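Have the structure open and follow along.

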Amino acid sequence: MRKKIVAGNWKMNNDLNQTISLIEELKKNHFNEVSVMIAPSSPFSKIAADLLENSPIEVIAQNIHQKSNGAYTGEVSCDMLKSIGILTTLIGHSERRAYFNEDDFVLLEKVKFAIDSGMNIIFCFGEQLKDRKSNKHFDIVKSQLENTVLKLNSESWKNIILAYEPVWAIGTGETASPEQAQEMHEFVRSCISKSYGDIISDEISILYGGSVKPSNAIEIFSKKDVDGGLIGGASLNAFDFSEIIKANK
Ligand code: PGA
């Protein structure tokens with residue numbers, strides 16, 4: 001059975017007090033059938049993990065470095081995260097690609113390193129507006145996957161969640177239509193099936209990200225190949241994030 005997942009990516013938002021109060025608000029809910037994850041900013045990973053120790057909400061990381069340790073000023077390693085109980089990380093978010101020059105080569109290193117370290121990954125990918133306008137969105141997504149996760153062995157797929165995030169929909173208020181999300185998710189699943197077979201492609205959770213809100217979540221999550229969402233802006237508000245989680249039935 002594919003897992004239903006809703007993950008909140010808090011990006012570079014929330015100070016210590018805001019982090020604590022948002023977590024306390026979320027803890028008041030009982031989310032039964034959905035795996036819920038939050039990715040706070042790294043200074044607050046440990047306190048978030050402590051606050052959620054006996055809760056089903058999982059704290060995840062926004063990023064990792066592709067080396068085990070050393071002179072990499074400002075970076076966070078997989079071992080550091082694991083030592084505070086964090087076992088899942090985002091990799092390949094479009095903001096990392098755009099503002100921190102993370103290309104497919106670096107992302108492949110990160111993906112391999114995280115999985116070899118025993119971590120789970122949420123691998124993000126998606127086309128830009130110009131790609132969609134020129135009808136190249138399927139080619140772009142295929143190459144983003146072929147250059148990274150599709151190079152891994154089948155064993156690694158136990159540790160992978162995918163997140164399709166069209167760049168033109170992230171933080172813009174513009175969402176892919178449920179049909180656009182479904183057709184891309186179906187395409188991605190077919191790429192996985194070609195490389196690894198139907199058992200793996202059927203099991204993999206593929207999340208949609210890009211301006212998901214309480215008002216559009218039910219329709220997007222109702223599509224058969226959409227297994228949940230990666231939520232940015234709306235995950236900063238406890239009520240909105242909870243409504244989105246509840247929409248993933
Ligand atoms: P958004 O961000 O929900 O604010 O569009 C999604 C994301 O960046 O993961």
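In which sense do strand E5 and strand E6 pair, and over how many bridges? Keep in mind that this is a predicted model. Strand E5 covers residues 120–125 and strand E6 covers residues 160–164, and the two pair in the parallel sense over five bridges. If you want one spot to look at, pick Cys124: its bridge partner in E6 is Ala163.

Now zoom out to the sheet itself. Eight strands make up an open sheet, and reading across it you get E3-E2-E1-E8-E7-E6-E5-E4, with parallel pairing. At the edges sit strand E3 (58–59) and strand E4 (88–91), each of which pairs on one side only.

On to the charges. Side chains of opposite charge can pair when their charged atoms come close. This structure holds 19 salt bridges, so let's visit a few of them.

Start in helix H1 (residues 16–27), where Lys27 and Glu24 are three residues apart, which puts about one helical turn between them. These two form a salt bridge, with the closest N and O atoms 3.8 Å apart; the cut-off is 4 Å. How accessible are the partners? Lys27 is partly exposed at 34% relative accessibility, and Glu24 is partly exposed too, at 33%.

Helix H2 (residues 45–51) has a pair of its own: Asp50 and Lys46 both lie there, four residues apart, or about one turn of the helix. Their side chains meet in a salt bridge at 2.8 Å, N to O. Asp50 has a relative accessible area of 41%, so it counts as partly exposed, and Lys46, at 43%, is partly exposed as well.

What about a pair that reaches across the chain? Look at Glu179 and Lys223, whose side chains meet in a salt bridge (3.6 Å, N to O). This pair links distant parts of the chain, 44 residues apart: Glu179 belongs to helix H8 (residues 178–196), while Lys223 sits in the loop between helix H10 (214–221) and strand E8 (228–231). Glu179 is partly exposed at 47% relative accessibility, and Lys223 is partly exposed with a relative accessible area of 25%.

Methods
Residues are numbered from 1 along each chain as its sequence is written. This is a predicted model: local features need pLDDT of at least 70, side-chain atom pairs count only at pLDDT 80 or more; totals for chains, interfaces and linings use all residues. Side-chain values use heavy atoms; hydrogens and water are left out. Two strands pair if DSSP finds at least two bridges between them. Buried means under 20% relative accessible area, exposed over 50%, partly exposed in between (1.4 Å probe, protein chains only).
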